[in-house]
Amino acid sequence: MSRPANPLAGLGAVIWLAVVLVPVYVMVSVSLTRQDEALGGNALRPPHHPTLANYGTVLDNGFGHFLANTVLVAAVVVGIVLVLCVPLAYVAVRTRGVWSGGAFRLFLLGVAVPAQAVVVPLYLMITKLNLYDSLLAVALPTAAFAMPVSVLVLTGTLRDIPEELYEAMALDGASPARMLFRLVVPLARGGIGTVVVYASLQAWNGFLFPLIFTQSEDSRMLTLGLFTYVSQFGVNIPALLASVVLSGVPVFAVYLVARRTLVGGLMGAGGK
Amino acid sequence: MSAARGAGRPHPSWALPAVLFFGFFALVPMALAFGLSFTSWNGLGEPRPAGLANWHALLTDGRLTRSLGVTVALTVVSCAFQTTAALLLGVWAAGPQRNRAVLSAVFFVPFLLSSTAVSLLFYALLDPNFGIVPGDTLGTTSGAFLALVFVGGWQFIPFHTLIYQGGARQIPEVLYQAAAIDGAGRLRRFRSITLPQLRNTAATSLVLMVVGSLTYFETVLILTQGGPGTDTAILPYLMYEAGFKAYDFGYASAIASFLVVAATALSLLLVRVTGFGAMRSTREGM
């Protein structure tokens, strides 16, 4: 089928391209501008004397440490979510009982409950557990609130595994545990990939839990680090924008290397 | 084969660790929020019983209704903006043309930044002394409101575009061919084939948008601090201010309980409307 050109769509696409790229351009260009030059000038003009000094300022102010904290928390969150949710989804799909159905519905109910709603009581619990100002204080609730969507995605994937494959393995005398590792996990790779992307994004984007549950620079995560730069750098907008650019670099690198996996994972999260 | 049917059934107790963990870190706090809403607590020492004082204040001092109004307005306008843009961009990006694939990859870039980073970027861009938008946008009620809508859209439209792109690719080409033979124009094909076929996609995207709009917290904190006045103080922000700025944790817990009930009702409604929870394979009905 031939596809005639669609000028209206083309125009719309160009407009949206500008909407996306103008802020990105200003962000990168200003981050390369000297502070004294940025204050007086027009933000849209490219820098006269491009400099990397602003990036140096950001790196000298703990950026690497904040990033490492975030990566660590993301890894712990992904680990907890997978270890807990894969068996749960297996039970929800393969057994028909009051308990497994109830467990599934429990998570379903949690899908729309925002983590913000429970931050006050969690703060009380975290202090009582002596976890205040630790990375675990952020990782544990973040994992809990990533579970409902993860369970939905995983049960969706597991339902697509044909009954015959279980029967074939049962004839070979395989135990449920063996089936989990030899059949369910390999065939649910797509769903597991989606959950990994989703759970790490929750940790990556998390702001409120780090804001409320941590205090010291030692346990500061990247989002909170960026926020503290606002008051720390003050009118030094080029340094602030340099920190924003730097914060995007790790995900951008993942995007360049593994675009298909990332986009596929996100489509999975939305496509269920 | 009936002997093997029912094989590979794990013991239900395998679900227990997940249930306990989720229960402890998500359900216990919800119950606790409700309990704390009947106390007076400033964050130090122990909560003291306060009866219905917090609820009385919440329901009579007008802050809740105002904040609820802002939250609903922000959600509705954001959903309308994001759905329109994502639908058009997604259908456009689903085309097989090479240039569309390249541009789609560029369109995705904003989503790679965290909400905090995006908020800081627009904090700089909207700065009256520095930014590229003339005037004090965030100083006026409509300016601050539209800024929040735009910034949320800027970050999340790429994600929803992706969902619509996936949905549009599932539409059987033969429908368009049949319509073309019948002489249907481009607009007619979009209205009579694309839109109805994307119904389920739109439902999914809308659910995620509504849930996501409750996470505008950091955007509000960084861009407007709920201002001017309390004109952009959405519910999560109102709760944050009451708890961690004014140290009135009892009142904050009353707001939190309200949020939990509202969000649970919303999720039940969404599950019902979209069939999200139906125990069925995603392959069915395609």
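## Helix packing and domain contact

Helix H4 (residues 63-94) of chain A packs against helix H5 (residues 98-109) of chain A at an angle of about 125 degrees, with their axes 9 Å apart. Here the axes are lines fitted to C-alpha atoms, for helices over the stretch in contact, and angles run from 0 to 180 degrees between N-to-C directions, while helices (H or I, at least four residues) are DSSP runs numbered from the N terminus. That angle makes H4(A) oblique to H5(A), because angles under 35 degrees count as roughly parallel, over 145 as roughly antiparallel, 65 to 115 as roughly perpendicular and the rest as oblique.

This is a predicted model, in which local features need pLDDT of at least 70, side-chain atom pairs count only at pLDDT 80 or more, and totals for chains, interfaces and linings use all residues. Residues are numbered from 1 along each chain as its sequence is written, and chains are lettered from A and ligands numbered from 1 in the order in which they are written.

| H4(A) | A:Leu88, A:Val91, A:Ala92 |
| H5(A) | A:Ser100, A:Ala103, A:Phe104 |

By class, this contact of H4(A) with H5(A) has five nonpolar, one polar and no charged residues, where Ala, Val, Leu, Ile, Met, Phe, Trp, Tyr, Cys and Pro count as nonpolar, Asp, Glu, Lys and Arg as charged, and the others, Gly among them, as polar.

Chain A is divided into domain 1 (7-51) and domain 2 (62-271), with bounds from an automatic or database domain assignment. The contact takes seven residues from each of these domains of chain A.

Notes. Contact = placed C-beta atoms within 7 Å. Helix = DSSP H or I, 4+ residues; strand = E, 2+ residues; numbered from the N terminus.
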